[in-house]
Amino acid sequence: MLEGKAVVNETDMLQTMQQDALHLAAKALDIFDITEPTEIAQFIKKEFDESYGTGWQCIVGTDFGSFVTHSQGCFIHFLIGSLAFLVFRGTANLAAEANRIPPLEAVKA
């Protein structure tokens with residue numbers, strides 16, 4: 001696996017979640033070719049959505065810029081070789097989900 005070759009540039013994730021991100025990136029690189037960054041990103045995003053709930057975003061490539069808003073404790077940017085990975089959970093989705101919770105109605109006893 002390539003996890004030992006990963007270089008974490010920036011993160012605020014817990015160590016276990018960081019390890020999941022690195023493990024999934026290495027697994028994706030075992031499954032997909034390095035020339036398939038969209039498929040790699042889709043794989044990681046789906047796995048994070050299943051493990052940690054919806055709202056995760058993943059960007060993979062050799063040359064990209066970003067300026068994102070993320071939930072606290074839900075951001076990592078790392079490199080494996082020349083391939084950069086940005087995984088984060090956005091905040092807008094969490095707010096939308098909170099608005100879907102129906103209001104409690106008063107119950108008459």
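This report describes aromatic pairs, cysteines and one aspartate in a predicted model.

## Aromatic pairs

The structure contains five aromatic pairs. One of them joins phenylalanine 32 and phenylalanine 43 in an edge-to-face arrangement, with 6.2 Å from centre to centre and 65 degrees between the planes. This pair connects distant parts of the chain, since phenylalanine 32 lies in the loop between α1 (15-31) and α2 (37-52) while phenylalanine 43 belongs to helix α2, the two being 11 residues apart.

Elsewhere, Phe48, Tyr52 and Trp56 are linked into a cluster by ring pairs.

## Cysteines

The model holds zero disulfides. In general terms, a disulfide is a covalent bond that joins the sulfur atoms of two cysteines. Cysteine 58 counts as buried because its relative accessibility is 14%, and cysteine 74 likewise counts as buried, with a relative accessible area of 10%.

## Surroundings of aspartate 49

Aspartate 49 is placed in helix α2, and with a relative accessible area of 18% this residue counts as buried, since the limit for that class is 20%. A polar atom of the aspartate 49 side chain lies 3.4 Å from the backbone nitrogen of glycine 55. When neighbours within four places in sequence are left aside, aspartate 49 is in contact with Thr54, Gly55 and Trp56; Trp56 is also part of the ring cluster with Phe48 and Tyr52.

Definitions and conventions: Residues numbered from 1 in each chain as written. Predicted model: local features only at pLDDT ≥ 70, side-chain atom pairs only at ≥ 80, totals over all residues. Heavy atoms only, no water. Phe/Tyr/Trp six-rings, centres within 6.5 Å; stacked < 30°, edge-to-face > 60°. Helix = DSSP H or I, 4+ residues; strand = E, 2+ residues; numbered from the N terminus. Disulfide = S-S within 2.5 Å. Buried < 20%, exposed > 50% of the residue type's maximum accessible area, 1.4 Å probe, protein only. Polar contact = N/O pair within 3.5 Å; in protein donor to acceptor, adjacent residues only side chain to side chain. Contact = heavy atoms within 4.5 Å.
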